Amino acid sequence: MSKLIKNPVTLIGVIISVVVIFLGIFAPFLAPYPFEEIHLEDKLQPPSKKYWLGTDQFGRDILSRIIYGSRISLLVGLGGTLAGLGVGVLLGSTAAYYGKAVDEAIMRFIDIIMSFPYIIIAVALVTVFGPGLFKLMMIVGFLTIPRVARITRAPVLALKEFSFVEAARAIGRGDAQVLIKHILPNCLMVILVFASLSAAQAIRIEAALSFLGLGIQPPTPSWGLMLANGRQYILYATWLTTFPGIAISLTILGFNLVSDGLRDMLDPRLRRVAK
Amino acid sequence: MAAKLRHDLGLDKPVMVQYFVWLGRVFRGDLGKSIYSEDPVSTLLLEKAKTTVPLALGSMIVGVLIAIPVGVLAAIYRNSFFDHISRILAMIGACMPIFWLGLILIILFAVKVQIFPPGGTMAEYGLRAIVLPCFAIGFFNAAFITRMTRASMLEILSEDYIRTARAKGVGMPGVYLKHALRNAMLPVITVVGLQLGQTLGGAVLTETVFNLPGIGRLLILSVGRRDYPVIQGCILVVASAFVFSNLLVDFLYSRLDPRVKL
């Protein structure tokens, strides 16, 4: 951990990520107004002392909606990533451990999913299942599965040849026990690196789908939805699009920097695993 | 009546049979008719492709024209001020949502300084209609291509044959352009090809921001209308273009590196 925060760039990423998580958890205490509270007499106000980031077309405080919107981004980003991680790790480790036909079948399925641009799959899934927070988390999770499976497969392929795995089998451990208790703990850091990258991607997907009207539905505050609503007032109320965009970009940047820092920290260990 | 409609549309057949019937029609060029407008889907797609194809190509050209010179110079002048700035901009470009960048470009170049239109068709504004959208997607692509170009150039510049070329008296432009860049391009081409998928996805978002009547916008409108034949047609076209671009990358790779055989 100390190595992680000694790198100044990674430290910035950690600070940004912690701030966003803090905002999400303590939103009701930090937001100056409830996110749905309307002040029609103050609609489309520019940033001021009363409304630090201005108000939207219904007089709702932009700062409050951005703070509450962090909850949605984190729920979809982290929740969807966790869901995808679970299935992806299972598929990737199973493919690598058993090899041959199992590996081929799973990897070809993964290749098919990865042959589509993610936004196209997301749009297709929303068409079938409809919009909504939980469905969005599942869609994001589904999009995470292929990459997690690939990331998990590589180290498992290497680790299953190590003598400690042979020893575990020799003392009578079943396949599931060998995978869960012996192999996967050694892959944990690699998966963790990818998880933070995946969370950033998940936040981007949520914002994109909400912007297109296929994600979070109003009045729930979503940064992507705020951008979409601000479009029609772009000529004279640029703050409606500026601040939600900054929030999305900074959050994605934070998680990406953390991922880069973790990867740099793990490089020597990855080389040892590959040997 | 519902049962008759289901029978007429073939919806009473098993899913796999419906799929192969649809596939057979696709191979004959029949993508069905739009439920919303009753126009043939293939006609709609050909019409919208006149916007999306220039947008996708223009975005790739913008991305490559920005990324390769910047990546090469960042590698040559490693750890210089230029290198640090280019890496920061690449990081920012990679993190910025395409649709937000599009909105910022509209604010800057269509509202504050009215050089380009904020939206509209190529029929109204010609190529000016797609300059901002191309730059929005191109800047996003450039962020990834720049990083790969820089990393690839750095690896090549440390090779022995580069040192040999310098020792033989080859001028620096010759060393960088003739010896280093060609070999550095191999992984860059892979990234450029993969970015085409991002470009096609970005086109969906950018066409919505700039109100361009392309395939991406058609897809989003069709989702709202539950126009399934059009949705299927759009997804088929985009996925096919993505697979085709990956094949093209493999082909280019084999041409640039004689050791690679298809």
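A residue is classed as buried if 20 or more other C-beta atoms lie within 10 Å of its own, as exposed if 12 or fewer do, and as partly exposed in between, with C-beta atoms placed from the backbone. Gln232(A) has 10 C-beta neighbours inside 10 Å and therefore counts as exposed. This residue is located in the loop between helix H10 (223-231) and helix H11 (239-274) of chain A. From C-alpha to C-alpha, Gln232(A) lies 28 Å from Leu75(A), at a separation of 157 residues in sequence.

The structure is a predicted model, in which local features need pLDDT of at least 70 and side-chain atom pairs count only at pLDDT 80 or more, whereas totals for chains, interfaces and linings use all residues. Residues are numbered from 1 along each chain as its sequence is written, and chains are lettered from A and ligands numbered from 1 in the order in which they are written.

Helices (H or I, at least four residues) and strands (E, at least two) are DSSP runs, numbered from the N terminus. Chain A contains 11 helices and zero strands, and its C-alpha trace spans about 75 × 45 × 30 Å along the principal axes. Of the 275 residues in chain A, 47% are buried. Chain B likewise has 11 helices and zero strands; its C-alpha trace extends over about 85 × 50 × 30 Å along the principal axes. In chain B, 40% of the 262 residues count as buried.

Two residues are taken to be in contact if their C-beta atoms, placed from the backbone, lie within 7 Å. For contacts between residues at least 6 apart in sequence, the fraction joining residues at least 24 apart is 71% in chain A and 70% in chain B.

Between the chains, 26 residues of chain B are in contact with 28 residues of chain A. On the chain B side, two or more residues are given by each of helix H4 (81-95), helix H5 (98-112), helix H9 (172-209), helix H10 (215-225) and helix H11 (228-256). The largest share, seven residues, is that of H9(B). This side comprises 22 nonpolar, four polar and no charged residues, where Ala, Val, Leu, Ile, Met, Phe, Trp, Tyr, Cys and Pro count as nonpolar, Asp, Glu, Lys and Arg as charged, and the others, Gly among them, as polar.

A nonpolar core is a set of buried Ala, Val, Leu, Ile, Met, Phe, Trp, Tyr and Cys residues joined through C-beta atoms within 7 Å. The largest such core has 139 residues, of which Ala122(A), Ala208(A) and Phe99(B) touch the most other members. Helix H9 (residues 175-211) of chain A supplies the largest share of this core, 16 residues. When residues up to four places away in sequence are not counted, Ala208(A) touches Ile119(A), Gly224(A), Pro97(B), Phe99(B) and Leu205(B).

Within chain B, the axes of helix H3 (residues 41-76) and H4(B) come within 8 Å and cross at roughly 135°. H3(B) is therefore oblique to H4(B), angles under 35 degrees being roughly parallel, over 145 roughly antiparallel, 65 to 115 roughly perpendicular and the rest oblique. Axes are lines fitted to C-alpha atoms, for helices over the stretch in contact, and angles run from 0 to 180 degrees between N-to-C directions. Val70(B), Leu73(B) and Ala74(B) of H3(B) make the contact with Phe82(B), Asp83(B), Ser86(B) and Arg87(B) of H4(B). The residues of this contact divide into four nonpolar, one polar and two charged.
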